[in-house]
Amino acid sequence: VQLQACGGGLVQAGGSLRLSCAASGSIFSINAMGWFRQAPGKQRELVASITSGGVTNSADSVKGRFTISRDNAKNTVYLQVNSLRPEDTAVYFCYARVYRVADGAWGDYWGQGTLVTVSS
């Protein structure tokens with residue numbers, strides 16, 4: 001199973017980006033998907049998550065600015081990030097909890113990270 005994230009970049013404060021992350025491989029189903037971020041010198045923190053049924057959860061710091069969604073048919077999760085602030089600068093990592101076809105077991109998988117840089 002692999003997760004491929006993309007969509008990061010350099011943007012001015014107040015700008016927007018759309019991050020996406022596609023899961024591929026020996027996948028029977030995916031439970032939770034979501035995004036974490038890690039800023040330089042800081043711990044990785046949860047940004048937002050979404051269940052297969054569409055129930056979402058997000059950090060207080062991004063509520064009203066970031067929106068998570070997913071396309072179950074494409075095994076893809078998205079993060080629409082609006083009204084970006086310099087403090088949103090971080091590497092954004094996607095994750096997925098996958099039920100594998102090969103061995104009939106659950107596993108947690110991470111994407112490679114995509115850098116979001118917000119200039120003031």
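Author: **One residue in its chain**

Among contacts in the protein chain (heavy atoms within 4.5 Å) between residues at least 6 apart in sequence, 56% link residues at least 24 apart. This is a predicted model, in which local features need pLDDT of at least 70 and side-chain atom pairs count only at pLDDT 80 or more, while totals for chains, interfaces and linings use all residues. Residues are numbered from 1 along each chain as its sequence is written, and side-chain values use heavy atoms, with hydrogens and water left out.

The protein chain has 0 helices and 11 strands, where helices (H or I, at least four residues) and strands (E, at least two) are DSSP runs numbered from the N terminus. Of its 120 residues, 41% are buried, that is, under 20% relative accessible area with a 1.4 Å probe, counting protein chains only.

Arginine 70 lies in strand β7, which spans residues 66-71. Arginine 70 is buried but has no salt bridge, and the nearest side chain of opposite charge, that of aspartate 71, is 8.1 Å away; a salt bridge would require a side-chain nitrogen of Lys or Arg within 4 Å of a carboxyl oxygen of Asp or Glu, and in assigning charge Lys and Arg count as positive and Asp and Glu as negative, with His and the chain ends not counted.

The side chain of arginine 70 instead reaches the backbone oxygen of asparagine 31 at 2.6 Å. Leaving aside neighbours within four places in sequence, the residues in contact with arginine 70 include Ile30, Asn31, Ile50, Thr51, Val77 and Tyr78.

Note on methods: Buried means under 20% relative accessible area, exposed over 50%, partly exposed in between (1.4 Å probe, protein chains only). A polar contact is a pair of N or O atoms within 3.5 Å; within protein, one must be able to donate a hydrogen and the other to accept it, and residues adjacent in sequence count only if both atoms are side-chain atoms.
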